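Please open the model in a viewer and display the side chains. The tour below moves through aromatic rings and ends at a charge.

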Amino acid sequence: MARATSEIKAGRPRRALFGRHSLPYVLIAPVVIYVGLVMLYPIGEGILSTFTNRQLLSVGEPRWVGLAKNERLFGDARFWLAIRTTFVYMLVVVIVVMGTALGTALLLHQKFKFRWLARGAMILPWAFPEVSAVLVWGFMFSQAYGVLNVFVRAFIPLPDNLPWLTDPTMAFGSIVVMTTWKIFPFYSLVLLTALQAVDLYLYEAAKIDGAGPFQSFRFITLPGILPTLAILTLLVTIWSFRRFTIIYLMTGGGPAGATETIVVQVYNQAFKFFNLSYGATIAVAGLLVSFVVTMIYFFLQRRLDVGQA
């Protein structure tokens with residue numbers, strides 16, 4: 001006790017175990033460890049696997065092959081088909097989902113009877129477990145006993161049931177419809193919140209000046225929700241790029257690769273054909289593509305912000 005008192009008097013207090021300057025590092029350490037173990041380490045292992053011939057069921061040590069897998073990737077027509085399918089799927093989903101979400105948000109923003117019930121019903125598709133929803137839609141799309149064919153043939157005389165999941169074009173469209181139904185409520189809910197944040201006095205002033213509904217939407221509503229629209233567009237772009245469960249459970253990437261996106265091809269190569277190293281090569285290529293798409297978005301967003309300023 002006397003020694004501690006003498007140190008304090010001498011201006012040399014004992015340091016605590018975690019000083020004031022080290023506290024932020026202590027608090028962020030669990031997050032850094034988690035990200036390192038769960039994200040960075042698997043990414044590093046995946047990149048390393050692209051230079052080997054690692055097989056999923058192989059017993060021996062993988063052999064170093066250098067850039068052989070990458071050379072195979074650039075000459076693989078199936079990979080480029082998956083790239084094309086991914087971007088087409090991503091573009092169509094972004095347009096259809098954002099259009100549906102904006103339309104339903106504008107509709108549910110209006111005042112009508114039982115609006116609360118309509119808003120609750122709109123959330124139901126998003127609340128359903130994804131696997132269960134896909135299984136239900138799979139039964140609905142069935143060519144043999146699907147309920148969709150019953151409805152179609154009730155209004156259109158057809159010689160046979162429609163091959164919703166076995167025809168390449170119809171399978172792609174079915175995947176888009178299922179994806180839209182499942183994810184649009186989330187975006188619609190966020191847009192509805194953004195619409196409610198727009199100042200009502202602006203609409204009243206525009207109405208006094210003689211502006212119609214279209215002018216009010218163009219010059220008041222759209223600028224008011226534009227930042228939210230931009231963020232949601234980025235989110236739906238990223239999430240549609242890595243969408244796996246719906247596509248794989250519905251079609252498995254078929255027929256004839258018509259719905260095989262990059263993430264589905266990664267799974268098929270790694271766990272269906274047991275070619276782990278080539279699947280990792282495709283995954284790294286997909287990671288680079290998604291990074292480029294994200295950077296392009298941020299570049300365009302910055303240009304937009306500069307133009308508005």
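Relative accessible area sorts residues into buried (under 20%), exposed (over 50%) and partly exposed (in between), with a 1.4 Å probe and protein chains only. This is a predicted model, in which local features need pLDDT of at least 70, side-chain atom pairs count only at pLDDT 80 or more, and totals for chains, interfaces and linings use all residues. Residues are numbered from 1 along each chain as its sequence is written, and side-chain values use heavy atoms, with hydrogens and water left out.

Select W181 to begin; its relative accessibility is 25%, which counts as partly exposed. Rings of Phe, Tyr and Trp (its six-membered ring) pair if their centres lie within 6.5 Å; planes under 30 degrees apart are stacked, over 60 edge-to-face, and the rest tilted. The whole structure holds 16 aromatic pairs. In one of them, F128 is stacked with W181, at 6.4 Å centre to centre and 20° between the planes. F128 lies in the loop between helix 5 (115-127) and helix 6 (130-140), whereas W181 belongs to helix 8 (residues 168-196), 53 residues apart. Helices here are DSSP runs (H or I, at least four residues), numbered from the N terminus. F128 is partly exposed, at 44%.

Next, select W137. Its pair with W181 is tilted, with 5.5 Å between centres and 55° between planes. W137 is in helix 6 and W181 in helix 8, so this pair ties together parts 44 residues apart in sequence. W137 is buried, at 12% relative accessibility.

Finally, select R72 and Y278. The charged end of R72 sits over the ring of Y278, 3.7 Å from its centre; this term requires NZ of Lys or CZ of Arg within 6 Å of the ring centre and within 35 degrees of the ring normal.

Notes: Helix = DSSP H or I, 4+ residues; strand = E, 2+ residues; numbered from the N terminus.
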